[in-house]
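This report looks at how two parts of one chain meet. Please view the sequence and the structure first, and then read on.

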Amino acid sequence: MINVAIVGASGYTGGELLRFLKYHPRVEVVAVTSRQYAGIPVRKVHPHLHEVDLTFENHSPADIDADLVFTATPHGTSMKIVPELVDRGLKVVDLSGDYRFDDISLYEKCYDLKHIHPMEAVYGLPEINRNKIKEADLVANPGCFPTGAILASLPLVKEAIAEKIIIDSKTGVSGAGIKPTDVTHFPNCSDNVIPYAVTTHRHMPEIQEKLRNYGKVNVSFTPHLVPVIRGILTTVHCFPIQEVTPQEMWEIYIETYQNEPFVDVLELGEIPRVSAVRGSNHCHIGCFEIDENGRLVLISAIDNLVKGASGQAVHNMNLMCGFTETMSLEGVGLHP
Ligand SMILES: NC(=O)c1ccc[n+]([C@@H]2O[C@H](COP(=O)([O-])OP(=O)(O)OC[C@H]3O[C@@H](n4cnc5c(N)ncnc54)[C@H](OP(=O)(O)O)[C@@H]3O)[C@@H](O)[C@H]2O)c1
């Protein structure tokens with residue numbers, strides 16, 4: 001049994017962490033922090049967690065007594081909390097962007113922020129870093145778009161099938177966090193599709209940095225906000241630089257992910273849907289089509305709050321603590 005704390009537990013990813021940890025047989029959640037809800041029971045903020053008998057507290061990092069801490073806090077905040085926890089010997093899974101980059105100058109450029117405390121961290125995408133995660137004290141949980149985009153593109157880069165990749169993602173509104181904004185206000189985002197950070201989204205450098213560990217590649221990325229609550233559908237377009245058929249592509253993907261418990265390569269031509277993975281830690285990948293002009297298309301679907309955040313964070317915790325890696329993440333999606 002380990003004791004776990006969640007910093008930033010009043011947010012969406014904090015709520016999802018609590019949902020998965022509630023039935024984890026090897027975990028006891030001993031502290032949940034929130035500044036604005038200190039003294040308030042968890043169920044008042046997360047109504048689906050009615051049976052969670054915990055109350056938010058406004059702990060500082062020095063007060064947290066646990067074996068492992070999830071920091072589900074915004075970028076710029078995590079870097080003020082994580083170093084003290086790691087220095088005190090606690091394991092940490094950080095859900096923000098603060099520890100994802102190998103190149104700190106790239107982080108500072110795309111987040112427009114000086115990093116006050118860089119530390120060595122393992123990028124927590126189990127499909128590429130499983131063994132390193134098992135040894136890590138600090139895991140940087142990947143971004144939601146990068147999770148779906150990297151998993152859909154990795155075999156293309158590893159097998160040198162494409163050097164230029166165009167990634168188009170559609171995301172649900174929960175990706176923006178719990179605080180309402182002008183963009184996420186219902187009349188503005190419902191019945192609408194809104195492209196944003198069209199050529200400058202900060203997840204592009206993250207995707208590119210990680211894929212470049214496997215080959216030469218340039219990544220172009222554009223996200224769109226769509227009127228769903230959860231889910232990211234990512235369409236990857238490329239023009240292969242070697243002869244390849246849809247059948248061969250499919251076999252490469254099947255082989256790459258055959259032992260991955262949370263990556264499901266669909267049947268050739270089968271189209272992934274966000275409803276099939278909603279609420280689950282699975283990534284569906286499919287649609288290996290090549291059009292008459294030679295464009296190859298791949299599509300991935302994830303739940304941004306689960307495989308794109310808290311489910312993956314629990315997967316990382318399982319690896320870091322030597323638990324069965326699928327523990328408490330076995331649930332399937334919530335279709336329809
Ligand atoms: N939403 C997603 O789909 C998603 C996916 C992947 C990664 N992420 C990343 O995960 C992190 C959390 O995202 P989220 O969507 O859960 O955000 P959120 O819903 O806005 O929640 C953020 C939490 O952080 C706490 N917080 C904010 N500022 C803080 C500060 N200065 N000190 C201490 N606590 C602070 C807030 O609690 P109080 O204000 O009550 O203290 C709140 O509980 C972010 O870094 C985000 O980029 C999110």
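Three salt bridges are counted between domain 1 and domain 2, a salt bridge being a side-chain nitrogen of Lys or Arg within 4 Å of a carboxyl oxygen of Asp or Glu. R100 forms a salt bridge with E206, and the closest N and O atoms of this pair are 3.1 Å apart.

The model is predicted, and local features need pLDDT of at least 70, side-chain atom pairs count only at pLDDT 80 or more, and totals for chains, interfaces and linings use all residues. Residues are numbered from 1 along each chain as its sequence is written, and side-chain values use heavy atoms, with hydrogens and water left out.

The domain assignment, which is automatic or taken from a database, gives domain 1 as 2-120 and domain 2 as 144-304, and the centres of the two, taken over C-alpha atoms, are separated by 27 Å. Between them the domains bury about 1,200 Å², with 51% of this on carbon and sulfur atoms; buried area is the accessible area (1.4 Å probe) that two parts lose on being put together, summed over both.

Contact here means heavy atoms within 4.5 Å, and the table gives the residues that take part on each side.

| Domain | Residues in contact with the other domain |
|---|---|
| Domain 1 | 14 residues |
| Domain 2 | 12 residues |
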